[in-house]
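Please keep the sequence and the structure in view while reading.

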Amino acid sequence: MLNVENVKGRLKRVFSEEQASVLAEIIVKARDELVKVSDFNELKEIVRDLAKSQKELAEAQKRTEARVEELAEAQGRTEQRLNSLAQRVEELAEAQKRTEARVEELAEAQGRTEQRLNSLAQRVEELAEAQKRTEARVEELAEAQKRTEEEIKRLARGLVSTRTELGGLARSVSYSLENEAYRALPSYLKRHYGIEVLERFIRTEIDGEEIDIFAKAKMDGKDVLIVGETELKLSSVGKLKRLDKKVLVVKEKFAEKEIVKLFVTHYARPQIKKKADERGIIIVQSFEW
């Protein structure tokens, strides 16, 4: 028997509960009102069309829900990326703050650097001025040095002249001592050493060596040669060595003769006189004759 519940049961296979209830009531009511068969058939076509549309809507709904699920998943991924980006933005913001703080520090350091550069520039300028003054002073000193060198040259020429004059004077005094010794020595040597001078004393040169005092003499009955040096002041052993050198030259020339070594001076230092006595050198000081 066709009633609302039977029709509703069939319609629920395709439609929802609410839709099935409404359609079932319409169908039953139409039958009750003796709807024409053609109208009923048309109504059945409408119902089939509605069922087909509902099915298509259900499929579309499924596809929509699947798409919504995909979009939800994509939204989840997007939110995840947004969270990551937000975190990254936060990190970049912190880094930016640190960068800005560092830039501020660098700006302050730059300010200090510029201040130091200004101080250094001022110091360089001061040094440049000081350098100019130094160069001017050096130039003055160079001129003064030139004048000093000219004066030194003049003094050097004067000193050479003075030395030459003093050398000449010293030589003259030395010759004077020798000349005086030539006169005083014969009697002095005979009186103190028993040496008899046979001929006058002379100044001579033997084999390129200058001999200040040279003469033939007799001592203890033997022929001897007197070889002597004169020195205004006898103050070093080196002068005694100079006499020894001249004695060697004379010995090579007169090998058979005995040599009497003699040193004539105005003054001989005691220690040098002692050294002379040890070497067998007669020291005669001018105040002694």
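## Two residues with positive phi

Asp207 is found in the loop between β2 and β3. The model is a predicted one, and in it Asp207 has a positive phi of about 50° although it is not a glycine. Most residues other than glycine have a negative phi. With a relative accessible area of 58%, Asp207 is exposed, because the cut-off for that class is over 50%.

A second example is Asp220, found in the loop between β3 and β4. Asp220 is not a glycine either, yet its phi is positive, at about 55°. Its relative accessibility is 69%, so Asp220 counts as exposed.

## The hairpin of β3 and β4

Strand β3 covers residues 209-219 and strand β4 covers residues 222-234; the two run antiparallel and are joined by seven bridges. Within this pairing, Lys216 has Leu225 of β4 as its bridge partner. The two strands form a hairpin with two residues between them, and Asp220 is in the turn.

On which strand does the bridge partner of Leu225 lie, and which residue is it? The partner is Ile259, in β5. Strand β5 comprises residues 258-268 and runs parallel to β4, with 10 bridges joining the two.

One of the contacts links Leu262 to its bridge partner Ile282 in β6. Helix α5, residues 270-278, belongs with β5 and β6 to a right-handed β-α-β unit.

## The enclosed strand β6

Is strand β6 largely enclosed by the rest of the structure or open? Five of the five residues of β6 (residues 281-285) are buried, so the strand is largely enclosed by the rest of the structure. The side that each residue faces can also be stated. Ile281, Ile283 and Gln285 point one way from β6, whereas Ile282 and Val284 point the other way, and all are buried.

## Aromatic pairs

A pair of aromatic rings is described by the distance of the centres and the angle of the planes. How many aromatic pairs are counted in this model? The count comes to two aromatic pairs. One is formed by Tyr182 and Phe201, which are stacked at 6.3 Å centre to centre with 15° between the planes. Tyr182 lies in helix α3 (residues 37-193), while Phe201 lies in the loop between β1 (195-197) and β2 (202-206), so this pair ties together parts that are 19 residues apart in sequence. Both Tyr182 and Phe201 are buried.

The other pair consists of Phe214 and Phe254, whose ring centres are 6.2 Å apart and whose planes meet at 35°, so the pair is tilted. Phe214 belongs to strand β3 and Phe254 to the loop between α4 and β5; the pair therefore ties together parts that are 40 residues apart in sequence. The exposure of each ring-bearing residue can be stated as well. Phe214 is buried, with a relative accessible area of 9%, whereas Phe254 is partly exposed, with a relative accessible area of 25%. The boundary for being buried is under 20% relative accessible area.

How values were computed:
Residues numbered from 1 in each chain as written. Predicted model: local features only at pLDDT ≥ 70, side-chain atom pairs only at ≥ 80, totals over all residues. Heavy atoms only, no water. Pairing = 2+ DSSP bridges. Helix = DSSP H or I, 4+ residues; strand = E, 2+ residues; numbered from the N terminus. Phe/Tyr/Trp six-rings, centres within 6.5 Å; stacked < 30°, edge-to-face > 60°. Buried < 20%, exposed > 50% of the residue type's maximum accessible area, 1.4 Å probe, protein only. Right-handed = clockwise from strand over helix to strand, strands pointing away.
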